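Here are my notes on the model. Please read them with the structure open.

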Amino acid sequence: MKTVRTAPGRDRLATYSMLPAPGELPLATWRLRHTGGNCLSFEEHAHDFPGLAYFPAAGGVLRTGRRAWHIQAGDLFVIAPGDVMGHVQHGDFADVDGWGVFFTADALGPDVPGAHLAWRTHPLLFPFMRGGAIDALRLRVPEPDRAEWVTRIQALDDELARRHDGFREAALAHLVLLLVGVSRLAADVVGDLRENQEPLLAEVFEVIERRYPQPLSLRDVAAAVRLSPGHLTSTVRRRTGRTVQEWITERRMVQARRLLAATGLPVGEVGRQVGFPDAGYFARTFGKVHGMSPARWRQGGPPRQERLVPR
């Protein structure tokens, strides 16, 4: 799975998005380690998708926001959409050997919505719902279970790489088991998470989820949640790394990709069903996000991609 980078703005970080090709699972595994003569290096950034970073052994540093975590054996970092990941400095990963698992809510089934509403409603995604925190949630896998976690992630990685018959079902089964494990490890912090459910964000994304197929603007969302457009924009951007309008577009693009991949609807009709009555505007918006036209994406053309970290 590749990622596409949205360039940083004056008051926001670079943000990475997953844009799967037609029929591709929105699920990826990455090795997090020093390779060859070079150390990993990437900028301060955020994702608009959730992920896990697991380290079975001690060594190295992981930076989240303003904090540098000295990695301990069994560390498991739960990375929510919008969490700030710090700039990796030279040598941070020199002694690291871990795994990253990243996915979108779409991976858990066609009925899971593609925006923050999913983090609020799906029980396995609850630990990821923290509204763009500065620091990732740090958990600790007990020593007797650490080898099993490595085996599970390696099995997931193998299924995605080999793509044998039934690999989709097998990969999703491994992902679900990993998320069950995360939920159990996070049981001790559930109370804290429940107290920080970001009710404003929940309300914003409920409005987006309900009304994205219709004409919908920042002003419409602001009126629905009884805030000024300016205050709503700054709040949502601060907590998620994106504006309200960008989240509206993201939700529409998730559904557009589903319709393009699963139906034979004309491109203009796909656009109409996701809130773009003007077919040309839909095509331009889709192209800006994906680096290609809707028709080309439907045919499986190569997207404009950047890798977040190498495998």
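1. Helix 8 (residues 244–262) has the length it should have. At 1.5 Å a residue, its 19 residues should span 27 Å, and its end C-alpha atoms are 27 Å apart, which agrees. The expected span is 1.5 Å times one less than the number of residues. Helices (H or I, at least four residues) and strands (E, at least two) are DSSP runs, numbered from the N terminus.

2. A word on the basis. This is a predicted model: local features need pLDDT of at least 70, side-chain atom pairs count only at pLDDT 80 or more, and totals for chains, interfaces and linings use all residues. Residues are numbered from 1 along each chain as its sequence is written, and side-chain values use heavy atoms, with hydrogens and water left out.

3. Is helix 8 largely enclosed or open? Of its 19 residues, 14 are buried, so the rest of the structure largely encloses helix 8. Buried means under 20% relative accessible area, exposed over 50%, and partly exposed in between (1.4 Å probe, protein chains only).

4. Arg-251 belongs to helix 8. Arg-251 is buried, at 3% relative accessible area. Its side chain makes a polar contact with the side chain of Glu-209, at 2.6 Å. A polar contact is a pair of N or O atoms within 3.5 Å; within protein, one must be able to donate a hydrogen and the other to accept it, and residues adjacent in sequence count only if both atoms are side-chain atoms.

5. Now the overall make-up. The protein chain has 11 helices and 11 strands. Of its 311 residues, 51% count as buried. Take the contacts (heavy atoms within 4.5 Å) between residues at least 6 apart in sequence: 71% of them join residues at least 24 apart.

6. The largest nonpolar core has 31 residues. A nonpolar core is a set of buried Ala, Val, Leu, Ile, Met, Phe, Trp, Tyr and Cys residues joined through side-chain atoms within 4.5 Å. Among the residues with the most contacts inside this core are Leu-27, Leu-76, Phe-128 and Leu-179. Strand 5, strand 8, strand 10, strand 11 (137–140), helix 2 (146–162) and helix 3 (167–185) each supply at least two residues. Which element gives the most to this core? Helix 3 does, with six residues.

7. Leaving aside neighbours within four places in sequence, its contacts include Leu-52, Tyr-54, Leu-139, Trp-149 and Val-182. A second, separate core of 18 residues includes Tyr-16, Phe-77, Met-85 and Ala-136.

8. The whole structure holds nine aromatic pairs. Rings of Phe, Tyr and Trp (its six-membered ring) pair if their centres lie within 6.5 Å; planes under 30 degrees apart count as stacked, over 60 as edge-to-face and the rest as tilted. For Trp-30 and Phe-102, the centres are 4.9 Å apart and the planes at 45°, so the pair is tilted. Trp-30 lies in strand 3 (residues 27–33) and Phe-102 in strand 10 (residues 97–103), so the pair ties together parts 72 residues apart in sequence. Both residues are buried.

9. Phe-55 and Phe-77 form an edge-to-face pair, 6.1 Å centre to centre with 75° between the planes. Phe-55 is in strand 5 (residues 51–55) and Phe-77 in strand 8 (residues 75–79), so this pair ties together parts 22 residues apart in sequence. Phe-55 and Phe-77 are buried.

10. Ring pairs also link Phe-276, Tyr-281, Phe-282, Phe-286 and Trp-297 into a cluster. Arg-252 lies over the face of Phe-276, at 5.3 Å from the ring centre. Likewise, the charged end of Arg-67 sits over the ring of Trp-69, 3.9 Å from its centre. A charge sits over a ring if NZ of Lys or CZ of Arg is within 6 Å of the ring centre and within 35 degrees of the ring normal.

11. Two loop residues need a look at the backbone. Arg-163, in the loop between helix 2 and helix 3, has phi near 55°, a positive value in a residue other than glycine. Arg-226 lies in the loop between helix 6 (218–224) and helix 7 (229–240). Its phi is near 65°, also positive in a non-glycine residue. Arg-226 counts as exposed, at 62% relative accessibility.
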